[in-house]
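Please keep the sequence and the model in view while reading.

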Amino acid sequence: MYYKLKTFSVGLILLAFQANANTDVDKRIQKLLNSMTIEEKVGQMTQLDVRQVTNTSPEGFAVLDKEKLSTIIHKYKTGSILNAAGKPMSISQWHTLISGIQDEALTTSNKIPVLYGIDAIHGVTYTTGSTLFPHNIGIAASMNNQLGEDIARATAMETRASGIRWNFDPVLDLARQPLWSRFEETFGEDPYVTQEMGVGMIKAYEEGGLDKPTAVASTMKHFVGYSAPTNGKDRTPAIISDKDLWEYYLPQFEAAIEAGSSTIMINSASINGVPVHASKHLLDTVLRKKLGFEGLVLTDWEDIIRLHTRHKVAKTPREAVKIAINAGIDMSMVPNEMSFFEHLTDLVKSGEISEQRIDKSVAIILRLKFRLGLFENPYPEKEAIKNFAKPEFKQLALEAARDSMTLLKNESLVKNGAATLPLSIDSKVLVAGPGAHNLGPLHGSWSYSWQGSNEERYPESTKTLIEAFADRVGADNLSTFAFEGYNNLANYDVDGLAKAAQSVDYIILALGERSYAESPGALDDLTLDKNQIKLAQAAILTGKPVILVLIEGRPRIIREIEPGMKAILNAYRPGSEGAQAIVETLYGDNNPAGVLPFSYPQFTGDYSPYDRNFLTDVQQLQVTGESYNGYKPQWPFGHGLSYSTFEYSDLTLSDDNVAIDDDLLVSVNIKNTSKVAGEHVVQLYVSDLYASESPAVKRLKRYQRISLKPGESKKVSFTLDTDDLRFVNSSLERVVEAGDFEVMLGTLKKKFTFVD
Ligand code: BGC
């Protein structure tokens with residue numbers, strides 16, 4: 001039994017377009033197209049960096065340069081501007097900047113407003129006083145979809161309050177290459193989690209109606225396969241089979257398009273040797289025709305000219321423009337020179353690219369401007385300001401950080417047989433490590449600067465880990481051995497650490513990663529930095545129980561030091577309230593329930609996602625005999641401990657056999673068998689036991705975060721349908737095959753049969 005992957009024919013799209021053709025907006029778009037020059041049309045397809053219209057003031061802020069602005073608006077007729085320059089700005093500085101740009105745009109004959117776009121990836125990056133939430137990797141760990149939606153809603157409001165109506169978010173890339181420096185921006189390695197979280201955020205960004213002062217246009221990014229570079233470096237080639245593309249990398253885009261995301265940004269790199277920006281197959285056949293996307297297709301940074309300078313598929317920048325436009329790009333994030341404008345104008349005038357072709361893109365761009373209400377009011381909306389920095393956003397950031405906390409290990413202490421965590425408030429603790437005295441690591445990328453590493457830009461009120469400890473335990477029980485500056489050698493002084501630990505009961509070690517974004521976060525080795533390993537070894541040598549707090553964007557290898565740690569908490573990039581959430585978790589005020597949204601690797605040379613196929617597990621390590629331990633992460637996908645204990649029972653399926661139109665109701669009882677109230681992520685996996693092409697060992701199909709009081713039981717039910725049993729075969733059909741399947745919840749399993 002199979003059905004073909006969803007295919008939208010060109011005819012259908014045209015019909016849909018024609019059905020709308022008489023709306024008021026369509027008429028206005030057509031009228032504009034009729035009166036626009038080729039230069040004006042190409043200008044609409046151009047997106048420039050804000051530095052093209054600003055200078056930096058002596059205080060370090062971006063201020064409009066009237067002459068530059070006039071050139072950009074009148075000579076180059078630019079339709080879109082992005083980014084921030086210099087220090088983060090106040091709401092009123094943003095309003096002045098954007099109003100100045102729109103004032104100029106309205107002096108042109110067609111009065112087309114400028115569309116401003118920004119990266120508000122985990123909250124608003126470039127506005128002072130904004131709320132910075134945990135990065136997506138932590139949101140995914142919470143497995144709390146509602147949380148993602150609430151964060152997107154808050155981010156939309158703060159973005160719009162800053163006068164900006166387009167957010168380049170969410171990232172739908174899959175984190176299946178742990179070296180990749182944008183791991184923290186993703187929802188982890190699983191397409192279903194990514195789809196659920198991504199769709200929730202997109203709806204929250206857009207569903208209120210783009211013309212409302214609480215919404216922004218979202219951007220699905222980066223289409224597609226950006227996160228799987230073979231060598232792990234940012235913006236480098238990936239090799240992905242079509243089958244894997246449809247099985248793992250495209251479904252979340254398909255769902256996001258259906259959820260109504262307005263724009264999409266293209267992967268800067270290449271798949272199977274073809275730069276995605278040059279791929280008519282991916283941008284047109286797959287994205288437009290098969291997935292039915294009708295919104296705006298935006299390049300990533302400089303990615304058209306890079307077809308010439310980096311990819312070498314275009315002999316000249318002019319040819320690069322021709323290739324990208326023919327492939328299906330609507331708008332070029334140029335963003336710092338004018339050759340795109342010159343070349344595309346010339347290509348259209350010489351007839352090498354038809355005016356009809358660019359009209360299609362311009363219509364899409366104008367439509368978005370209409371939907372965003374920019375033609376009605378291009379200026380920052382005064383009524384949006386009240387939605388900025390609402391007290392509940394700070395609370396939401398705290399709750400999100402709490403929910404993301406993932407307890408990886410919690411051993412019993414020899415002393416009293418009790419688990420190491422939670423700590424007693426009376427114990428004396430030493431807090432050490434480079435993550436303890438610095439805000440960058442708690443926030444990661446896109447935090448008041450691109451790299452997030454400008455410590456002086458964080459608000460006074462944001463707490464470092466040692467400050468949050470001081471608040472909770474007071475001076476008497478707290479010693480610290482942590483210093484400003486992630487690379488400050490004082491942080492790695494092993495003798496100093498041992499000395500400082502002499503009179504304490506526990507050492508809390510905050511290790512992991514400095515803040516970084518994109519290519520500057522490149523790694524050659526996934527192992528935790530040597531100086532941190534040495535610090536950990538020195539801490540272990542003191543004989544005091546050591547608690548490791550990982551503050552990191554991607555899983556760094558800690559195999560060598562893990563056995564010496566009594567407890568390990570993964571905090572990911574928990575954001576502005578992260579320090580408090582960590583401390584609350586260590587002292588039991590917050591009972592952790594986060595689970596790993598990725599397989600935490602144990603070895604640098606050994607990474608497999610949890611949904612590998614069965615053959616991955618088979619190892620023949622001796623001349624004779626074989627083992628089945630090919631998947632040997634430090635901790636598997638879905639792992640996370642709690643201070644509560646939970647027991648699963650009564651796994652029930654509504655039927656032992658299912659046919660094509662049947663639903664399968666799966667239910668299970670979960671009991672909190674401890675004396676502590678706790679939350680718990682229920683994860684439902686399905687295995688296809690045998691299939692005509694190697695099946696995955698298991699796939700996550702449903703999840704739900706529940707809360708249980710001490711002694712409380714809950715029955716949790718999920719409904720599966722036969723789409724949940726399908727896989728993409730080599731003919732790119734999504735098929736379900738007759739045979740046996742297994743459902744897994746906790747340690748319980750049950751088989752059922754799909755009958756064709
Ligand atoms: C990143 C994008 C981002 C863009 C604009 C690029 O370098 O890859 O994710 O949206 O810059 O800032």
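Arginine 153 has a relative accessibility of 28% and therefore counts as partly exposed; by definition, buried residues have under 20% relative accessible area, exposed ones over 50%, and partly exposed ones fall in between (1.4 Å probe, protein chains only). Its partner is glutamate 207, with which arginine 153 forms a salt bridge whose closest N and O atoms are 3.1 Å apart. A salt bridge here is a side-chain nitrogen of Lys or Arg within 4 Å of a carboxyl oxygen of Asp or Glu. Because glutamate 207 lies in the loop between H8 and strand E8 (219-223) and arginine 153 in helix H7, the pair ties together parts that are 54 residues apart in sequence. Glutamate 207 is exposed, at a relative accessible area of 53%.

The model is predicted: local features need pLDDT of at least 70 and side-chain atom pairs pLDDT 80 or more, whereas totals for chains, interfaces and linings use all residues. Residues are numbered from 1 along each chain as its sequence is written, and side-chain values use heavy atoms, with hydrogens and water left out.

Helix H7 itself comprises residues 145-161. Helices (H or I, at least four residues) and strands (E, at least two) are DSSP runs, numbered from the N terminus. Twelve of the 17 residues are buried, so H7 is largely enclosed by the rest of the structure. Among the elements covering these buried residues are helix H5 (91-105), helix H8 (191-206) and helix H16 (391-404). At the start of H7, a side-chain oxygen of asparagine 144 comes to within 3.2 Å of the backbone nitrogen of glutamine 146. Just after the helix, glycine 163 adopts a positive phi of about 95°.

Elsewhere, arginine 176 and aspartate 611 meet in a salt bridge (2.7 Å, N to O). Arginine 176 lies in the loop between E7 and H8 and aspartate 611 in the loop between helix H21 (578-586) and strand E20 (646-653), so this pair ties together parts 435 residues apart in sequence. Both arginine 176 and aspartate 611 are buried.

A further salt bridge joins the side chains of arginine 702 and aspartate 724 (2.8 Å, N to O). Arginine 702 counts as buried at 18% relative accessibility, and aspartate 724 counts as buried at 13%. In total, the structure holds 46 salt bridges.

Key: The expected span of a helix is 1.5 Å times one less than its number of residues. Contact means heavy atoms within 4.5 Å. A polar contact is a pair of N or O atoms within 3.5 Å; within protein, one must be able to donate a hydrogen and the other to accept it, and residues adjacent in sequence count only if both atoms are side-chain atoms.
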